[in-house]
Amino acid sequence: MANGQVSASPTKSSYDVVIIGGAIMGSSTAWFLSDNPDFNGSVLVVERDPTYETASTTHTNSCMRQQFSTELNVRISQFAAEFVKNLRSYMGGDERVPALSIRSFGYMYLADTDAFANVLRANQKVQLAAGAATQLMTPEEIAAAYPFYNTDDILLGSINLVDEGYWDGATVFDWWRRQARERGVEYVTNEVVAMTKNASGTRVDSVTLRSGDVISCGQVVNASGPRAARTARMAGIDVPVEPRKRYSWVFKAETPLDRDLPLTIDPSGVHVRENGGGTYQCGGHSDADPAVAHDDFSMDHGIWTDHVWPILATRIPQFEAIKVQNEWAGHYAMNTFDHNAITGSHPEIENFVFLNGFSGHGLQQSPAMGRGTAEWLTYGEYRSLDLSPFSFDRIGQNAPIVEKAVI
């Protein structure tokens with residue numbers, strides 16, 4: 001069934017690994033398991049909506065950056081760049097797999113306060129130490145390189161033009177699913193609605209699907225994005241991840257810019273990037289940023305007219321004359337504890353594995369996170385890149401790893 005319809009019911013009643021959520025994280029993990037010669041178990045991916053219409057994966061701006069404030073996040077994105085640029089090689093030389101590249105227009109962080117300028121300086125030291133090519137720019141240097149910006153209030157900029165910018169996340173996602181299924185990973189259109197633990201409460205013995213199927217599992221992976229907390233509660237676990245609404249707009253400029261627009265993070269938090277053909281994509285959210293219902297994807301049109309467009313037109317005066325072509329609302333899976341991933345197994349429910357809380361940078365982290373989770377499932381440890389600082393344990397210990405570079 002590699003290229004046919006996805007069934008609703010699993011073909012078996014027991015699997016070595018059950019992955020809850022078949023979007024970018026679940027599919028990355030499934031593919032890396034299928035690619036690991038040391039793993040010979042069975043894998044079931046349970047995905048409630050195979051169209052992925054409301055998944056965070058399909059609402060992303062599909063960019064990657066190395067401008068993080070923690071070394072581990074920098075290295076996670078560096079592997080993403082390596083993976084994307086060598087996709088066919090990683091996929092066994094499969095000639096059907098296209099050659100991909102990264103459109104490295106960079107992320108431009110703009111600081112209008114001394115405090116944030118100092119954050120950019122501190123972040124650059126972390127990034128350079130990890131091998132990134134981040135440059136700090138004075139307002140004069142920014143104006144010379146990107147004369148379309150209004151820099152009157154800007155004190156400092158930060159940009160990296162190496163392996164930072166747009167990449168085709170949809171193609172990588174498609175090939176992860178396709179190859180994983182060809183290699184025997186089973187996908188079903190269904191939903192996990194309950195879990196049953198053993199008598200001592202130390203393992204998840206089985207998951208119950210909406211269809212009524214009860215599936216025994218060796219290990220279970222929570223890859224359910226903004227629904228992570230709902231999934232964890234089935235095992236009696238509280239995880240600090242909640243859906244936060246993020247709005248996106250694609251617009252056409254009457255007078256397009258004469259060069260690529262970096263993914264620009266205005267001090268207001270509004271961000272905008274090159275989209276090609278005289279079009280641009282921007283994003284933002286309301287000043288109040290509450291958790292929302294899992295099915296709330298309604299647009300707030302006032303945010304565009306009262307907040308986002310005025311900021312765009314002020315920062316880039318050529319964007320005073322623009323026309324919106326498309327708009328949508330998506331969800332961040334926001335880790336409210338420290339805006340970083342939660343990985344590895346639960347300290348007490350030993351076969352419950354987290355892959356949650358990416359807080360808006362999940363797509364670019366999916367290669368390293370899928371690889372690491374597959375290693376954890378196979379060996380009980382990370383072998384390529386140590387992701388253990390992101391373990392669930394830090395939450396109980398109240399030891400956040402605060403990521404300062406969150407968009």
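**Setting the values against the cut-offs**

Me: Asp163 lies in the loop between β6 (156-159) and β7 (165-166). What makes Asp163 count as buried?

Reply: Its relative accessibility is 16%. Buried means under 20% relative accessible area, exposed means over 50%, and partly exposed is what lies in between (1.4 Å probe, protein chains only). So Asp163 goes in the buried class.

Me: What should I know about the model itself?

Reply: It's a predicted model, where local features need pLDDT of at least 70 and side-chain atom pairs count only at pLDDT 80 or more, while totals for chains, interfaces and linings use all residues. Residues are numbered from 1 along each chain as its sequence is written, and side-chain values use heavy atoms, with hydrogens and water left out.

Me: Which side chain does the side chain of Asp163 meet in a polar contact?

Reply: That of Lys85, at 3.0 Å. A polar contact is a pair of N or O atoms within 3.5 Å; within protein, one must be able to donate a hydrogen and the other to accept it, and residues adjacent in sequence count only if both atoms are side-chain atoms. Leaving aside neighbours within four places in sequence, Asp163 is in contact with Met64, Gln66, Ala81, Lys85, Ile102 and Ser104.

Me: Why is the pair of Phe251 and Phe319 called edge-to-face?

Reply: Rings of Phe, Tyr and Trp (its six-membered ring) pair if their centres lie within 6.5 Å; planes under 30 degrees apart count as stacked, over 60 as edge-to-face and the rest as tilted. Here the centres are 5.0 Å apart with 80° between the planes, so the pair is edge-to-face. Phe251 lies in strand β12 (residues 241-253) and Phe319 in the loop between α8 (301-315) and β16 (322-335), so the pair ties together parts that are 68 residues apart in sequence. Both Phe251 and Phe319 are buried.

Me: How do you know that the charged end of Arg371 sits over the ring of Phe79?

Reply: The rule wants NZ of Lys or CZ of Arg within 6 Å of the ring centre and within 35 degrees of the ring normal. For Arg371 and Phe79 the distance to the centre is 3.7 Å. Arg383 does likewise over the ring of Tyr379, 3.7 Å from its centre.

Me: How do you know that the span of α6 agrees with what a helix should have?

Reply: The expected span is 1.5 Å times one less than the number of residues. For the 14 residues of α6 (residues 169-182) that should be 20 Å, and the end C-alpha atoms are 20 Å apart, so it agrees. Among its buried residues are Phe173, Trp175 and Trp176. The buried residues of α6 pack against α1 (24-35), α2 (71-85), α3 (87-90), β8 (186-189) and α9 (362-379). Following α6 comes Gly184, with a positive phi near 110°.

Me: What makes the phi of Ser359 worth a look?

Reply: Most residues other than glycine have a negative phi. Ser359 has a positive one, near 55°. Ser359 is in the loop between β18 (352-356) and α9, and at 2% relative accessible area it is buried. Asn398 also has a positive phi, about 50°, but with a relative accessible area of 58% Asn398 is exposed.

Me: How do you know that Cys282 is in no disulfide?

Reply: A disulfide is a pair of cysteine sulfur atoms within 2.5 Å. The structure holds zero of them. For Cys282, the nearest cysteine sulfur is that of Cys63, 13 Å away. Cys282 is buried, at 1% relative accessible area.

Technical notes
Helices (H or I, at least four residues) and strands (E, at least two) are DSSP runs, numbered from the N terminus. Contact means heavy atoms within 4.5 Å.
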